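Work through the exercises below with the sequence and the model side by side, and try each task before reading its solution.

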Amino acid sequence: MFSPQTLAALADGIFWFFVVVTFTGGVLAVGAHSLIRRVAGLALCFTGVAGLYYYLSSPFVAFMQMLIYVGALCVTITFAIMLAETTDARRAPRRRGFTVLLGAAGSVLVTVVLAGQALYGVWPQPPAAQAPGTVERVGEALLSTYSMSFELISVVLVVAMVGALALARHGREK
């Protein structure tokens, strides 16, 4: 029905769409003035990362990315922002020009290094036949091979929830 060139161009377009969504969300998360817009940018960035996972033939990891980071973390941060007082945000110090310039230079340096590695680095070839990625195999891998990563994700979520509750409580006591 479609030629291989058309499918390859479509796959490249989908990949670059997710890259642009991730990058746009990251820029919005860092550059927005409103905290709610920053959280929305963070959610957009996490959604783009989930799209990249799905593009890399990992639908389960993409679903977990959406469930854990977009669903739980961003909603928790949003509730913390909504429950906290806004008087502290008005007293936040302004960024100085040198700090912004230093951050931009560091970002450009990291981008150039990563782009050089992506373009000129040696990439391993994918295996000829991949094992089917069933939920049971993913569960076994999470609880055996990748158990430390699984536990660290759990700790990050607990810390985020406790931080949101602390922010919410601190804002209510003022």
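This is a predicted model: local features need pLDDT of at least 70, side-chain atom pairs count only at pLDDT 80 or more; totals for chains, interfaces and linings use all residues.

Residues are numbered from 1 along each chain as its sequence is written, and side-chain values use heavy atoms, with hydrogens and water left out.

**Exercise 1.** Work out what span helix α2 (residues 35-55) should have.

Solution. Helices are DSSP runs of H or I with at least four residues, numbered from the N terminus. The expected span is 1.5 Å times one less than the number of residues. For the 21 residues of α2 this gives 30 Å, and the end C-alpha atoms are 30 Å apart, so the two agree.

**Exercise 2.** Find which residues of α2 are buried and what covers them.

Solution. Buried means under 20% relative accessible area, exposed over 50%, and partly exposed in between, with a 1.4 Å probe and protein chains only. In α2 the buried residues are Val39, Gly41, Ala43, Cys45, Phe46, Gly48, Ala50 and Gly51. Their cover, counted by contact (heavy atoms within 4.5 Å), includes α1 and α3 (59-83).

**Exercise 3.** Decide whether Leu10 and Val61 are exposed or partly exposed.

Solution. Leu10, found in helix α1 (residues 4-31), has a relative accessible area of 52% and is therefore exposed. Val61, which lies in helix α3, has 38%, so Val61 is partly exposed. The C-alpha atoms of Val61 and Gly51, ten residues apart along the chain, are separated by 10.0 Å.

How values were computed
Helices (H or I, at least four residues) and strands (E, at least two) are DSSP runs, numbered from the N terminus.
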